[in-house]
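Thanks for coming. Please have the sequence and the structure open while I talk.

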Amino acid sequence: MKMNIENSIKNIFFEAFSNLSESDFSWNKEQKDYENWDSFAQLNLVTLAEAKFDISFTLDEAIEIKSANDLLECVRSHLS
Amino acid sequence: MNIIDSIKNSVKNYPEKTALIFGNDSLTFKDLWKSIESSSSFITSLNGNKIISLMAENSSSFVIFYLGIINSGKTVHLIPPEISEINFRAQISSSNSSSIICSSTVFDKISNFESINIPIFQFNDIPKNIDSKLIDSEVNNFAYLIYTSGTTSAPKGVAVTHSMVNFTTKNIVHILKYTNSDIDVLPLPLYHSFGLGCLHTSLYVGSTIILLKNTNDLQRILNIIKKYNATTFAALPATLSKFLKFNENDLIDYFSSIRLIITNSTKIPIATISNFKKILLNGNLATYYGLTEASRSTFMIFDKNLTNDESVGRPAPNVQIKIINDSDQESETGEIWIKGDNVIETYWEKIFNDKNLVDGWLRTGDLGYVDKNGYLYLLGRSDDVINIGGEKVLPDEIEKIVKQIDGVEDVAAFGIDHEIFGKVIKLHVIKSLDSNLDKSTILHYCIKHLEKYKIPSKIDFVKNLPQTDYGKVKRFMLK
């Protein structure tokens, strides 16, 4: 299950950032280090995760997501 | 000259010709005129003002009383039979109608409404063969009054004059080449302007109308077309799309006598157009763009040799169209404005005037553009534009993409409030029968095919979408 969540989050990132390669991906890479992580990309990351895991983030949670790891932790907190 | 004069001409020129077939009723022009005169005599005997409400499903009686009311110099207020009680009351009050004439089905429905203070008459209770000498025609500019169903707002009263009807009917006849040898199959509701315009056209040229109650039984429609060697057929785009489930060779055979299928400007799937181009060996599919306030403003005959099938055609003769942007300047893309003798001068209740009517131009609220050859294309409703953090998105664009996904039967895109972006996009999706479609699949597809600000933020699977009778989604009802 743990691996499945991680894989799903990675896939969400690859989906939201079509030019992101496997080697560029890092769990701790931050929003400011992504070339095209703007507010719309943020919205899409949240939407994709909500649809994938059938959960709903609050606005505060959504705003605080600044890395893949943040999204992973946020998803985990909803599934626990 | 009004529609009554056209009937009188037909009665004079070919009294024994069949004018109207409905179920087992078959009326010659002479029979039809006799019934119209009788109903006019009854209308004349009623006290009250010039507005008479007519509320019924399609039938011979509908046609007779519609024309009978006009022949007595009064205005027909057309009420859809399925109307809610609250809207019914609003229309009766706004129209200032003095009587209601209705079918027995409608009578059963509205007689349960409390405090209706005007007389209600069922078709069956009205005496037939009343002496026509009792008719006392008054001078009246207005032929009929319809409250628009409205995709984005509350209904508005639109009173259509005889001269507007005359202008529009002549354009239809001229462009679509109707003649008195046509046999016209008409299953559209007559209480809307599409069906009513078809009725006027048939009466204007003196063709034969085969009136059907509705389009519920597609096989029956095909059988009737075949049986009567019908030459024209009027249908909504959704009906035409449903026909495509039949065997193509069978359709070619059934439609072999048809020279014209007329549909309207609700979005017609391109596949439906291309299929009907193949099916109609001896005819053409055509559409028009118009509103109740500006009927039949453009016409499009889908040509087998042309590829501009997404257009709704070029302006009708003596109708002008211009495209106006947010700065009130003429522009390539923007709101469609219409001017011509088919456009109303005022709404029934004048509160909407300032907004929608400017120096004889009707602001339609529809967005579009005109290509270099003068063909008009529709992009959506200006009221539907979703402003997402400053980015403007048309729902139609999103819907077009989502409809490409396997398992999507229908979809509506609309804006919902968002604390940061102002609005974001939400989808209501109807899944095909037995589809396992999930939200992630829809999002994946959208991400591949749309800009990132156009990706829906919320998706709900629903059983149906609120629609007008013309199949347009009532977005203001979605949330």
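Let me begin at one bridge: Cys102(B) has Gln122(B) as its bridge partner in β6(B). This is a predicted model, so everything I say describes a prediction.

Six strands of chain B form an open sheet in the order β6-β5-β3-β4-β7-β8, and the pairing is mixed. Which strands stand at the edges? They are β6, residues 120-122, and β8, residues 157-161; each has a single partner strand, so one side of each is left without a neighbour in the sheet. From one strand to the next, the twist averages 25 degrees.

A helix lies over the β8 end of this order. Helix α6(B) lies across β7, residues 142-147, and β8 of chain B, and runs at about 70 degrees to β8(B).

The next item is how α6(B) packs against another helix. As a reminder, two packed helices are described by the angle between their axes and the distance between the axes. For α6, residues 162-176, and α7, residues 193-205, both of chain B, the axes come within 9 Å and cross at roughly 75 degrees. On the α6(B) side, the contact is made by Val165(B), Thr168(B), Thr169(B), Ile172(B) and Val173(B). The α7(B) residues they meet are Gly197(B), His200(B), Thr201(B), Tyr204(B) and Val205(B). By class, the contact divides into five nonpolar, five polar and no charged residues.

One more residue of α6(B) deserves a look, namely Asn171(B). Is Asn171(B) buried or exposed? Asn171(B) counts as buried, because 24 C-beta neighbours lie inside 10 Å and the cut-off for buried is 20 or more. Leaving out residues up to four places away in sequence, Asn171(B) touches Arg296(B), Ala316(B) and Pro317(B). For a sense of distance, take Glu37(B): Asn171(B) is 134 residues from Glu37(B) in sequence, and their C-alpha atoms are 28 Å apart in space.

Stepping back to the whole chain, the domain assignment gives chain B domain 1 at 3-140, domain 2 at 168-382 and domain 3 at 385-477. Taken over C-alpha atoms, the centres of domain 1 and domain 3 of chain B are 43 Å apart.

There is another sheet in chain B to go through. This open sheet has three strands in the order β23-β24-β25, again with mixed pairing. Its edge strands are β23, residues 408-418, and β25, residues 458-461, and each pairs on one side only. The twist here averages 25 degrees from one strand to the next. Strand β24, residues 422-431, pairs with β25(B) in the parallel sense over four bridges. Within β25(B), Ile459(B) is the residue opposite Leu427(B). Helix α13, residues 395-402 of chain B, lies across β23 and β24 and runs at about 140 degrees to β23(B).

Last, the two chains together. Chain A puts eleven residues into the contact and chain B puts in 14. Which helix gives the most to the side of chain A that touches chain B? That is α2, residues 39-53 of chain A, with nine residues. Sorted by class, that side of chain A has six nonpolar, three polar and two charged residues.

How values were computed: Residues numbered from 1 in each chain as written. Chains lettered and ligands numbered in written order. Predicted model: local features only at pLDDT ≥ 70, side-chain atom pairs only at ≥ 80, totals over all residues. Domains from an automatic or database assignment. Axes fitted to C-alpha atoms, helices over the stretch in contact; angles between N-to-C directions. Helix = DSSP H or I, 4+ residues; strand = E, 2+ residues; numbered from the N terminus. Contact = placed C-beta atoms within 7 Å. Nonpolar A, V, L, I, M, F, W, Y, C, P; charged D, E, K, R; others polar. Pairing = 2+ DSSP bridges. Buried ≥ 20, exposed ≤ 12 C-beta atoms within 10 Å, placed from the backbone.
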